[in-house]
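Hi,

Here's the structure I promised to pass on. Have a look at it first, and then read on for what turned up.

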Amino acid sequence: MTRSATMTVDVDVGHGGAPEGAHHDAPSTGADARAPGAQRGDGIERDDRAQAMQDRADAALEELDQRKAGARRTAWIIAAIAAAFFIASLFQGHFAHIPH
Amino acid sequence: MSTTAQAVPYEEHHQSFFERWFMSTNHKDIGTLYLCFSCLMLFVGGSFAMLIRAELFEPGMQLMQPYFFNELTSMHGLVMIFGVIMPSFVGLANWMIPMQIGAPDMALPRLNNLSFWILPFAFILLLSTFFMPGGAPAAGWTMYPPLVLQGGESIAFLIFSIHLLGISSVLGSINIIATVLNMRAPGMDLLKMPMFCWSWLITSFLVIAVMPVLSGAVTMVLFDRFFGTNFFNAAAGGDPVMYQHVFWFFGHPEVYIMILPAFGIISEIVPTFSRKPLFGYKAMVFAIACIAFLSFLVWAHHMFTVGMPLGGEVFFMFATMLIAVPTGVKIFNWVATMWNGSLSFEVPMLWACAFIVLFSIGGFSGVMMALVPADFQYYGTYFIVAHFHYVLVGGALFSILGAVYFWLPKWSGHMYSNFWAKLHFWSSAISVNVLFFPQQFLGFAGMPRRIPDYNVAFADWNMVSSIGGFWFGATQLIFVGVVIHTVFFSKAKATARVWEHTYGLEWDIPSPAPHHSFTVPPVIDDSQLAHGTLTH
């Protein structure tokens, strides 16, 4: 998955709560959305929830980026090992002197 | 288990056909490509096998020239190993590993795309050799010099395609290692991973270690053929036996590359349909690691008859027999998992049970050949043909088919027809024995492999074997029908968990699996893992 892939979060933010950059794919059916008072929540509270969700989304993306950076490091190390095996296989006859 | 696998179904993920199937970086799409490609190659390699069995149906030359027969046997081996068994396991790994460890995709998706798309070009190169002057390579899949050097110009294509296949395998393995080591969901410790992931992690290290060695060996052959070197030319001080050592240093771990993922699959299926946690999870993990380690120490058992010091023969004999110990651990643990379980024999379980029986038959004949004095009798006969076909067809291929029947509802969102799936199983299970069991008799009687004609004394069992071959080949058409019907026409919807007693993250997401499985890492609940919190 690349960074531009759909970002799905498991925090239900109710109607109109999805912040930019964190697309909410599933329909909002959370408890607070159904609650009678949900539509009447003041703007500040909703902004706080949206900000919290944005923070979570950012943190998840950041962690994913860190994991991918680690994966790239791992890949280069493994590739170097593979290259070493290839080169060693060309010269092994000189080293091994396997009797037959 | 708490997960956050919210669905982005394929229908909502707008991509053109070309974008989806040629440029995809999605692990599921690439897994599907691998599986479709290996299915196609199964029928290509299988058609070679049908021609071989048709020629061997009766003694005497029936259908083809001897050289073409040798081309068929060589290409059958190369296609089946590099085009069927290995890619289909990689396809299964692509589909299942990210879902099983709670990752959104493979760690290196573009590398994943490259790994796959190298394959078709490698096989176009390889199969095009049939149409070249001098024909396709005919020295066996082992490509021993000096015989392979005496073929036509197609050797360059053969070697280049081997290089490409090696690059594809190594890149795929790098991706799997990077994914498993870096992309696991928080809480998914290594010793909590499903067995299939463990088996592929270890297999990937085997691939990294030995595919470059094969590349090195064929590179030296290339230089001997085209650039005037004499690595394997005895007349100029080279050593053809050295090629065998280098080749089999690749070749024996390659056998385990083709069977360790099968162990992982069986370790997923058996607990599900035994309704019990896997018996001895840690022992199973260490047994796989032990088998992988020992596989580096046994290569010369493939070449006892070239002549080697007695000490070497004894070492390789005992090292080979030692592998029976961790392999036995696995067999007994699967049986112990079934023991006192609430067994049900759905289609995947049937394949798993057949795997255990047929792989054991192949394994036991392998132990027989580990014995140096006995091996001198079996070497180069149909006994070894029977042995490795029991391992690779009854073992590897059966596990792949079992895996497809196990996970196909998860992939497609539909259930398949039990009747046709069971017909496919029973017809395969019977015909594979009709095909390969008589070859053990032929081998004991001394029939050599890789010949298009034989003594009339071998006629009856060859005819039986050929009938079994045609039967088995035709049976696989049922499989294609079942898969096509399930994916495109089946009305039976699969639930998320599909089977009654499933554990593991892949069963927590909807069927069909969404385009991206885990965009937010799932929470791991130990009690929901296949081996669970129960200990033995």
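This is a predicted model: local features need pLDDT of at least 70, side-chain atom pairs count only at pLDDT 80 or more; totals for chains, interfaces and linings use all residues.

Now to a helix pair in chain B. At what angle do α3(B) and α14(B) pack? Helix α3 covers residues 66-101 of chain B and helix α14 covers residues 382-412, and they pack at about 30 degrees, with 11 Å between their axes. With the cut-off at under 35 degrees, α3(B) and α14(B) are therefore roughly parallel to each other. Their crossing is left-handed.

Who touches whom there? From α3(B) come I85(B), S88(B), F89(B), L92(B), W95(B) and M96(B), and on the α14(B) side they meet L392(B), A396(B), L397(B), I400(B), A403(B), W407(B) and W411(B). Sorted by class, that contact between α3(B) and α14(B) has 12 nonpolar residues, 1 polar residue and no charged ones.

Is I323(B) buried or exposed? I323(B) sits in the loop between α10 (310-322) and α11 (324-338) of chain B. It has 23 other C-beta atoms within 10 Å, and a residue needs 20 or more to count as buried, so I323(B) is buried. If you skip its neighbours within four places in sequence, I323(B) is in contact with I291(B), L294(B) and V298(B).

The C-alpha atoms of chain B fill a box of roughly 65 × 50 × 45 Å along the principal axes. A compact globule of 536 residues would have a radius of gyration near 24 Å, and chain B has 23 Å, so the two agree. Of those 536 residues, 57% count as buried. Taking contacts in chain B between residues at least 6 apart in sequence, 83% join residues at least 24 apart.

And chain A? It has 2 helices and 0 strands. Of its 100 residues, 22% count as buried. For contacts in chain A with a separation of 6 or more, 56% are between residues 24 or more positions apart.

Happy browsing!

Notes
Residues are numbered from 1 along each chain as its sequence is written. Chains are lettered from A and ligands numbered from 1 in the order in which they are written. Axes are lines fitted to C-alpha atoms, for helices over the stretch in contact, and angles run from 0 to 180 degrees between N-to-C directions. Helices (H or I, at least four residues) and strands (E, at least two) are DSSP runs, numbered from the N terminus. Angles under 35 degrees count as roughly parallel, over 145 as roughly antiparallel, 65 to 115 as roughly perpendicular and the rest as oblique. A crossing is left-handed if the near helix is turned anticlockwise from the far one by less than a right angle, and right-handed if clockwise. Two residues are in contact if their C-beta atoms, placed from the backbone, lie within 7 Å. Ala, Val, Leu, Ile, Met, Phe, Trp, Tyr, Cys and Pro count as nonpolar, Asp, Glu, Lys and Arg as charged, and the others, Gly among them, as polar. The radius of gyration is taken over C-alpha atoms; the globule rule is 2.2 Å times the number of residues to the power 0.38. A residue is buried if 20 or more other C-beta atoms lie within 10 Å of its own, exposed if 12 or fewer, and partly exposed in between; C-beta atoms are placed from the backbone.
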